[in-house]
Amino acid sequence: MSEQERRTEPYEIPEEMKSQVAVTTLDKIYNWGRSNSVWPMMFGLACCAIEMIATAASRYDFSRFGMEVMRPSPRQADVMIVSGTVTKKMIPTIVRLYNQMPEPKYVIAMGACACGGGPFKEGYTVVSGVDRFIPVDVYIVGCPPTPQSLLNGLITLQKKMEQESIATSRWYSKAPSQPIPIPVLGPDLMDPRKFDLIRQQSAAKKAAQTADGEVENE
Amino acid sequence: MSDLQTQTLVPQLDTIFPDWVRPDDRAGYQGYIVETEHLLAVAKALRDTYGYDLLSSVTGVDYLPEGKLEVVYHVFRTTGGPIFVYKVQVPRDNPVVPSLVPLYPGAELQEREAYDLLGIRFEGHPDLRRILTWEGFAGHPLRKDWHEPYFEEEAKPYKSRWPEGQVRRAEDLNPFADNVDYPAGFDPESLVPDADDTLYKTLFRVQQAQHPEIKTDAIVVNLGPQHPSTHGVFRMVALLEGEKILDLKPVMGYLHRNHEKIAERNTFLQNMPFTDRLDYIASMSNNFAYALAVEKLMGVQPPERAEYIRVIMAELTRIVSHFIAVGFLLNDLGAFFTPSLYGIKERELIVDIFEMVSGSRMMCNYFRFGGLARDMSPEAVQKTKELVNDRLPRKIDEFDRYLTENEIVRQRCEGVGVLTPEDAIALSATGPVLRASGVPYDVRRAEPYSIYDRFDFDVAYGLHGDIYDRYLVRMEEMRQSVRILKQALRDLPEGPIMTGKPAYQVRVPAGESYGRVEGPKGELGFYLVSNGKPNPWRYHVRAPTFINLTSLAPMSRGGKVADVVAILGSIDIVLGEVDR
């Protein structure tokens with residue numbers, strides 16, 4: 001607590017209890033507990049996963065920030081570190097895993113590929129960033145990000161958590177949060193939210209092709 | 001000719017089969033072109049009479065201007081010697097080739113890949129399905145007339161990504177503003193997704209073949225793609241009877257990031273950083289193989305100092321890879337994370353050296369055609385010397401002391417996942433998997449590349465072909481790598497590190513080449529076809545772990561579920577390379 005805050009403290013604490021009692025807000029203590037025991041999901045996609053493992057290992061050791069408990073099950077995890085290239089074949093699984101995580105849940109997009117496709121963006125089975133399907137809280141740049149920048153990202157996430165409030169948090173609101181519709185693998189990846197657009201554009205394409213064909217026939 | 005001669009000389013196929021085979025006389029090409037209908041007979045003769053027992057690589061090339069698809073086979077003898085190449089050519093509109101799976105079971109996954117990406121149908125293949133993309137995917141992406149959704153131009157460098165000084169995003173060119181494209185007139189609601197039906201059908205076919213007369217119930221269990229044991233996004237579908245595995249299908253493609261398609265648009269040098277991301281634990285080895293393949297085409301030779309530094313980097317990479325492999329094998333056996341921690345600690349020290357020489361920890365992008373990107377500083381040499389002469393031998397011994405005689409390790413690994421030498425060769429296994437089965441084949445010895453003929457080292461091999469021997473082979477290989485490193489550091493000469501001037505756009509003459517190295521996980525090869533332009537016409541990676549996975553199912557049959565996890569760990573896969 002800074003000197004400034006101590007002077008403006010609204011509560012009178014008797015001198016003999018000063019060393020035993022601390023007064024804080026509910027949000028602060030709630031967020032303090034949450035942000036110092038973030039359990040990531042044990043879930044590696046590509047190259048970045050190796051650096052994530054290196055961050056968990058002895059030299060960088062993210063257990064110093066309360067994150068050493070990697071959970072293989074999404075049901076027990078707080079944060080999903082999307083570490084690597086997201087492909088069209090994998091994104092249905094990622095969305096399903098995200099839907100299975102209990103609130104409060106967070107997503108870190110680790111590395112260029114997860115942020116926006118990265119060096120493989122132009123590839124035909126690469127999703128241009130995981131944020132096209134699931135909401136991302138922290139983006140970490142790099143290919144792959146060094147363990148230091150992953151740590152920086154995780155601390156940024158902690159700072160974000162510390163600013164949240166029980167009163168406005170979505171996981172205590174009355175309406176349950178809706179699961180994200182799982183993408184479908186057809187001739188290409190299909191987002192169920194965009195079926196109308198797909199139908200429209202393919203019809204337009206067909207119309208253009210038949211028009212072309214008629215021109216050729218003439 | 002005596003038997004010994006037929007088994008050691010390179011056969012003149014066109015004189016042996018004058019009606020069936022003609023030499024490939026295109027400028028810059030080697031090998032022979034075989035008539036499609038006689039492929040099986042020629043391949044059988046090569047295998048049985050001439051001793052080419054291991055089918056290393058099967059891939060296809062799309063020669064769009066000639067209207068032909070070509071299937072390229074690379075075979076070698078496990079007794080050593082250069083690689084032998086033969087091809088078949090089929091018309092593009094009806095590409096049907098007899099499958100080599102009956103002769104070489106190791107062709108199974110590779111033929112599926114060629115079918116998936118190029119649309120070549122292999123007649124007689126037991127299970128010809130898509131492998132890297134999914135059932136229902138539109139088109140065969142590696143065909144030259146197939147365009148990806150973000151297609152801009154045929155080849156880089158693109159004319160402009162900054163029209164009138166404005167940055168243009170790839171999304172702006174696509175009607176969906178996303179990396180997707182659909183056939184004309186496609187209705188998403190009418191589609192019934194495949195949902196793995198084809199996959200499960202092939203599995204249950206096996207079950208019915210086992211018990212045709214009685215109705216038995218087998219359970220299908222999916223392991224992956226998200227699973228703590230599977231070293232990334234790899235999936236195994238196991239058919240179980242009780243806890244016994246009846247059959248198993250590896251399912252991959254969850255990390256298929258279109259390496260080959262992107263590479264065929266890139267210029268030659270632009271591909272170097274992409275090779276880092278294949279086997280991302282061993283990026284320097286990938287650089288090495290690609291540089292060798294291009295240098296063969298260009299006909300350049302790197303200077304002495306560069307050769308030594310290359311060997312130093314490749315061997316350090318091997319040590320990193322094996323430390324990680326052994327650590328994660330123990331992870332799979334249940335010793336969660338502690339052995340890996342020991343391995344990763346050493347990796348950090350080696351990665352520091354990579355960072356010193358190349359500027360990056362993992363994705364080094366260090367090799368150039370005809371040399372290296374940067375010189376190795378005296379501090380880096382000094383640090384490597386300290387590591388190699390003092391620390392690494394101690395740490396390898398420490399690993400050995402903790403693990404080799406450990407009772408649990410021995411009970412879980414000995415006699416599990418056995419691969420006989422005959423099977424290992426037939427299934428095209430390479431690297432530690434092949435050597436643990438008792439076939440002492442190492443490209444560094446069999447067809448020495450770079451300056452490996454100057455070093456004194458032994459080829460580690462096992463005798464039993466089980467998980468334990470694969471572990472022992474890796475431990476011994478680390479020791480041999482330290483031995484090579486000591487010699488290389490002792491003899492490291494001064495001098496230039498680059499032949500000629502560094503150039504962004506190298507001139508590569510037309511032709512084909514196959515560069516291969518003994519990567520930490522097996523024979524890593526790059527098959528390149530150049531037509532004289534700044535971009536490769538065909539760029540294929542012979543990924544060792546992808547092909548080693550062919551032997552996963554035969555090794556697992558009859559075992560328990562828990563063994564499969566350990567067997568997979570002992571193959572040591574890296575998904576970046578498996579799926580590319």
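## Interface of chain A and chain B

In this predicted model, 56 residues of chain A and 67 residues of chain B take part in the contact between the two chains. About 5600 Å² is buried between chain A and chain B, with 63% of that area on carbon and sulfur atoms. A:Lys89, A:Glu122 and A:Tyr124 account for 16% of the area that chain A buries against chain B, more than any other three residues.

Between chain A and chain B there are 11 salt bridges. One of them joins the side chains of A:Arg59 and B:Glu348, at 3.5 Å from N to O. On the side of chain A that touches chain B, at least two residues each come from helices H3 (47–56), H4 (91–100) and H7 (195–217) and from strands S4 (184–185) and S5 (189–190). H7(A) gives the largest share of that side, 10 residues.

## Sheet in chain A

Chain A holds an open sheet of three strands in the order S1-S2-S3, paired in parallel. Strands S1 (79–83) and S3 (138–140) of chain A are at the edges with a single partner strand each, so one side of each has no neighbour in the sheet. On average, neighbouring strands of this sheet are turned by 15° against each other, direction ignored.

S1(A) and strand S2 (residues 106–110) of chain A run parallel and are joined by five bridges. A:Val82 stands opposite A:Ala109 in S2(A).

## B:Asp62

B:Asp62 lies in strand S3 (residues 54–63) of chain B. Its relative accessibility is 2%, so B:Asp62 counts as buried, the cut-off being under 20%. The side chains of B:Asp62 and B:Arg92 form a polar contact of 2.7 Å. Leaving out residues up to four places away in sequence, B:Asp62 touches several residues, among them B:Lys68, B:Leu118, B:Arg143 and B:Trp537.

Note on methods
Residues are numbered from 1 along each chain as its sequence is written. Chains are lettered from A and ligands numbered from 1 in the order in which they are written. This is a predicted model: local features need pLDDT of at least 70, side-chain atom pairs count only at pLDDT 80 or more; totals for chains, interfaces and linings use all residues. Side-chain values use heavy atoms; hydrogens and water are left out. Two strands pair if DSSP finds at least two bridges between them. Helices (H or I, at least four residues) and strands (E, at least two) are DSSP runs, numbered from the N terminus. Axes are lines fitted to C-alpha atoms, for helices over the stretch in contact, and angles run from 0 to 180 degrees between N-to-C directions. Buried means under 20% relative accessible area, exposed over 50%, partly exposed in between (1.4 Å probe, protein chains only). A polar contact is a pair of N or O atoms within 3.5 Å; within protein, one must be able to donate a hydrogen and the other to accept it, and residues adjacent in sequence count only if both atoms are side-chain atoms. Contact means heavy atoms within 4.5 Å. Buried area is the accessible area (1.4 Å probe) that two parts lose on being put together, summed over both. A salt bridge is a side-chain nitrogen of Lys or Arg within 4 Å of a carboxyl oxygen of Asp or Glu.
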